Amino acid sequence: MAVSLPPTLGFSSAPDEIQHPHMKFSEWKFKLFRVRSFEKAPEEAQKEKKEASEGNPSLEQSPSVPDKAGLQKPVPSQPALKGHAKFANKAHKDGKTRDKAIHQANLRHFCRICGNSFQTDKHKRRHPVHGPVDAKTQSLLRKKEKRATSWPDLIARVFRIDVKADVDSIHPTEFCHNCWRIMHRRFSSAPCEVYFSRNTTMEWHPHSPSCNICYSTWQGLKRKRHHTHGLLSKKIQMMLDRAREVRLHKRRVQAKVSSKGVMKQIANCSKIHLSTNLLAIDFPAHFLKAISCQICEHILADPVETSCKHVFCRVCIIRCLKVMGSYCPSCRYPCFPTNLESPVKSFLSILNSLLVKCPAKDCHKEVSLEKYNHHVSSHKESKEPLVHINKGGRPRQHLLSLTRRAQKHRLRELKLQVKAFADKEEGGDVKSVCLTLFLLALRARNEHRQADELEALMQGRGSGLQPAVCLAIRVNTFLSCSQYHKMYRTVKAITGRQIFQPLHALRNAEKVLLPGYHPFKWQPPLKNVSSSTDLGIIDGLSGLSYSVDDYPVDTIAKRFRYDSALVSALMDMEENILEGMRSQDLEDYLNGPFTVVVKESCDGMGDVSEKHGSGPAVPEKAVRFSFTIMRITVAQGSHPVVVFEEAKPNSELCCKPLCLMLADESDHETLTAILSPLIAEREAMKSSELMLEMGGILRTFKFIFRGTGYDEKLVREVEGLEASGSVYICTLCDATRLEASQNLVFHSITRSHAENLERYEVWRSNPYHESVEELRDRVKGVSAKPFIETVPSIDALHCDIGNAAEFYKIFQLEIGEVYRNSSASKEERKRWQATLDKQLRKKMNLKPIMRMNGNFARRLMTKETVEAVCELIPSEERHEALRELMDLYLKMKPVWRSSCPAKECPESLCQYSFNSQRFAELLSTKFKYRYEGKITNYFHKTLAHVPEIIERDGSIGAWASEGNESGNKLFRRFRKMNARQSKCYEMEDVLKHHWLYTSKYLQKFMNAHKALKDSGFTIDSKATVGDTSITEDYLESQDSMEF
């Protein structure tokens, strides 16, 4: 197959004597073809003319299209058209068009920046030069707060190439993945493992007969080519050889410039830098390489570090960057003078402590590198030239690392020049001149945020509060967007100062505190969980696999991914963890493994519907799943050391929301569908370790999950047990209600999640073919599949409420003297309740309630309440029984309510067994009329299981669900704060602001504000702007508002 040549080099222009033998055959073939083609019917000729007029390209007019391998497909030669001048001109134009199309097609296989072929990449990855950046780069730019959003802006910033004026016929339209990684590393500030393959960026030129792109493609043909005319082949070969020589010459020049000898000549620092031969100790070669400059190979003087972590002398690298271009001499990574930074202080201290021999002849002293200049200056009388470090160059130490006296000495001449300019132009105002210079320097480096703050200080307006402080104020005062914006505009208009930050600054501050910001890794990776770390709020039903027979889940649920939420919570506690390590005399670089104990809570929030105006109230139930980090320990020897322990485990400030859903807690199918993906993530985290960078060090964390923050209703729901009115009274043991009433004290914990699963399988399959009653007795009340693992425990809050409700019932029965006459009508019992409510309202100021709550229970269970009730009971014997029963209960209550009973109430803990037995004896004797053959659930747990749980966990109150219950009022306030028409977005805002409310980072600002408030801190209006007090009054009014 012959390769087509340009028409200007066609065979028809050659004389007959030197024409190739194949030429005669081609001409004869053309004559034969012309005769046959002219003998066509007129109808066919007209048909061909019609097709040509409609624009259908013929075979001769269609340019060659490159194949998949990037090589040009050979175009058949057409010597038949060269016999006529008309066809020759047409072929000449078609040849140019075809060459341009081939050239443009070949450009698609090269990188726009470095000029490398895409064939070198195994994965064939390429990126468009024009257009928006990809998602990964966009998230990186957002984290680094960069404004560039398109590839042309990034390419112009990193490689200094303007691609906006590119032409498709000259420049490629894509760049390689190697250049993409260079841009990514440039903004991520990470050590670079990639290099730039060329010293400078590629320059692209229009197509020409000696085009390198087309020649390299033509050379890549593997098929055998026909030999062309000898003279013409020689001309082409000469042109190609010339182009090859030019390329080789360019490569030699680049290689020469990149050689170390040329770099040493550029640096020319032999008179100002010390050679490694002057070191007093013979160090190993790798150590000498570490302390010497990679350009001049002298001992580092005023060392600087590039973004690719290579170290050079400041003078050497700056000179090389000016001459050779903006790239690192070691790895070709893009580097600019503005990227140079000082190495770490530990490296500088090692460098300055090196011993160096004095080069003077009569001096044989060995001095440290730090004192070398001072020692050499003592040889003033010596005539031999001695090397002074940095003589004529920049100082060895950075200006900011010097003492104030050294800074004044170094900047003396500049200070005199600025003072002279200020005296001449600005009336002696040196301060304004210096501030203006600093402002211009910040603007030149695009650091506009610092420049705005400096400009505000220069104009006397101040820089205002930090965005995090403003965010803490907004979240803790429950201000909506419109309310905060109104406050922001009002304060700015009244004071003339931007004290509060705008809303967009607050949104940027939110990103750092919300899950999905910090990168992390699991080892081994979590099963069935995505490895992406930038996930924020997701739909509660994500991760749920649907099928045709599934229960239709019609609800709104929003949640965080469990692992991402745990990482955000740990990073929020970073300062507390590091401070705890220092208080325990542990090293800061300790990488673990740390053991994190997490308390899980889940509870329904009741009716949270908004009731506006008249009409029937539509109940709208909600459920919240949350967690609390209780304790963080690290193994030190054979004993674990506690580095963090939650001081207030039952506070709503430490109970972090994980999932919010508009559903009823009694709806087992909906609850299972929403919480199943979350539980699957928890199960995957149990067998894996978290790798998280904290304090600049990669640390390892293990997690222990304890599901104790559930009330009895939810425990029965998630563990598949029967309802609370069941014969099987307890969620901790297998006792029936009759067995519990006969034996009030002596029971042990026997139930577990694994056993409940086994019993469910027995209930489902009935392997022994038993009746319903026999099967129910075998499985001990398990009637549904357990789907959440809970720890058998007592919920202290609901235990207190349940016991108070039982005492409230006892008071009514004692007023009616049921111990004498147990047969009383319903009307009489209502009259007893009304009498009790009236007495409690009169004596204790307790208003009647429809349902027992925590506050009412707290005020009811006192000795004063018993004395008020005794006024309505005539029998003195009953007075003593009631007083003793309440006294025993008040002695037992601190044991299960305190966070650490061994420290807070050790005496009550020791006497608990005795008090519980006496309490049970009173119930079975004095109050036999109510507790003969029956007992309430919470009385049974209080008397039988408290000592065993205290011995196992150390506390009951710390693991209660009180923190989750306290968050119910926060849900309602945040819902009013973020009221929207769309409940989907409303739930997102509620979950986001509830998470921010529990942030320990934001709590520090509010605690500082409260401390100043409690200490009586006032603002002197004379010393400050006169209207600052307006801002304080406005904040206090917003803090006390009820929305």
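Q: How much of the chain counts as buried?
A: Of its 1043 residues, 43% count as buried. Keep in mind that this is a predicted model.

Q: What share of the contacts join residues at least 24 apart?
A: If you take contacts between residues at least 6 apart in sequence, 68% of them join residues at least 24 apart.

Q: OK, salt bridges. How many?
A: The count comes to 50 salt bridges. One of them pairs Glu665 with Lys713, where the closest N and O atoms are 3.9 Å apart.

Q: Where do Glu665 and Lys713 lie?
A: Glu665 is in the loop between strand 13 (656-661) and helix 23 (668-686), while Lys713 is in helix 24 (residues 712-718), so the pair ties together parts that are 48 residues apart in sequence.

Q: Is Glu665 buried or exposed?
A: Glu665 counts as buried, because its relative accessibility is 14%, under the 20% cut-off. Lys713 is partly exposed, with a relative accessible area of 46%.

Q: Which residue does Glu689 form a salt bridge with?
A: Its partner is Lys702, and the closest N and O atoms are 3.5 Å apart. Glu689 lies in strand 14 (residues 689-694) and Lys702 in strand 15 (residues 697-709), so this pair ties together parts that are 13 residues apart in sequence.

Q: How accessible is Glu689?
A: Glu689 counts as partly exposed, at 26% relative accessibility. Lys702 also counts as partly exposed, at 36%.

Q: What about Arg759, which residue does its side chain meet in a salt bridge?
A: That's Asp734, at 3.0 Å from N to O. Arg759 sits in helix 26 (residues 753-765) and Asp734 in the loop between helix 24 and helix 25 (737-742), so the bridge ties together parts that are 25 residues apart in sequence. Arg759 is buried, and so is Asp734.

Q: Which residues are linked in a network of salt bridges?
A: Glu600, Arg682, Glu683, Lys686 and Glu789 are linked that way.

Q: Switching to the surface: which residues gather in a patch of positive charge?
A: Arg404, Lys408, Lys415 and Lys419 do. Helix 14 (404-410) and helix 15 (412-425) are the elements that give two or more residues to the patch.

Q: Where is Lys419 found, then?
A: Lys419 is in helix 15. Its relative accessible area is 46%, so it's partly exposed.

Q: I'm curious about Thr942. Where does it lie?
A: Thr942 is in helix 37 (residues 937-944). It counts as buried, at 2% relative accessibility.

Q: What does Thr942 touch?
A: Not counting residues up to four places away in sequence, Thr942 touches Cys799, Asn803, Trp896 and Tyr912. The C-alpha atoms of Thr942 and Trp896 are separated by 8.4 Å, though these two residues are 46 apart along the chain.

Q: And Glu986, buried or exposed?
A: Glu986 counts as buried, at 5% relative accessibility. Its place is in helix 40 (residues 983-997). Leaving aside neighbours within four places in sequence, Glu986 is in contact with Arg975, Asn978, Ala979 and Arg980.

Q: What's phi of Asp585?
A: Near 60°, a positive value in a residue other than glycine. Asp585 lies in the loop between helix 22 and strand 10, and it counts as exposed at 71% relative accessibility.

Definitions and conventions
Residues are numbered from 1 along each chain as its sequence is written. This is a predicted model: local features need pLDDT of at least 70, side-chain atom pairs count only at pLDDT 80 or more; totals for chains, interfaces and linings use all residues. Side-chain values use heavy atoms; hydrogens and water are left out. Patches are made of residues with over 30% relative accessible area and no salt bridge: like charges are joined within 9 Å, nonpolar side chains (Val, Leu, Ile, Met, Phe, Trp, Tyr) within 5 Å. Accessible areas come from the Shrake-Rupley method with a 1.4 Å probe; for residues, only the protein chains shown count as cover. A salt bridge is a side-chain nitrogen of Lys or Arg within 4 Å of a carboxyl oxygen of Asp or Glu. Lys and Arg count as positive and Asp and Glu as negative; His and the chain ends are not counted. The place of a charge is taken as NZ of Lys, CZ of Arg, CG of Asp or CD of Glu. Helices (H or I, at least four residues) and strands (E, at least two) are DSSP runs, numbered from the N terminus. Buried means under 20% relative accessible area, exposed over 50%, partly exposed in between (1.4 Å probe, protein chains only). Contact means heavy atoms within 4.5 Å.
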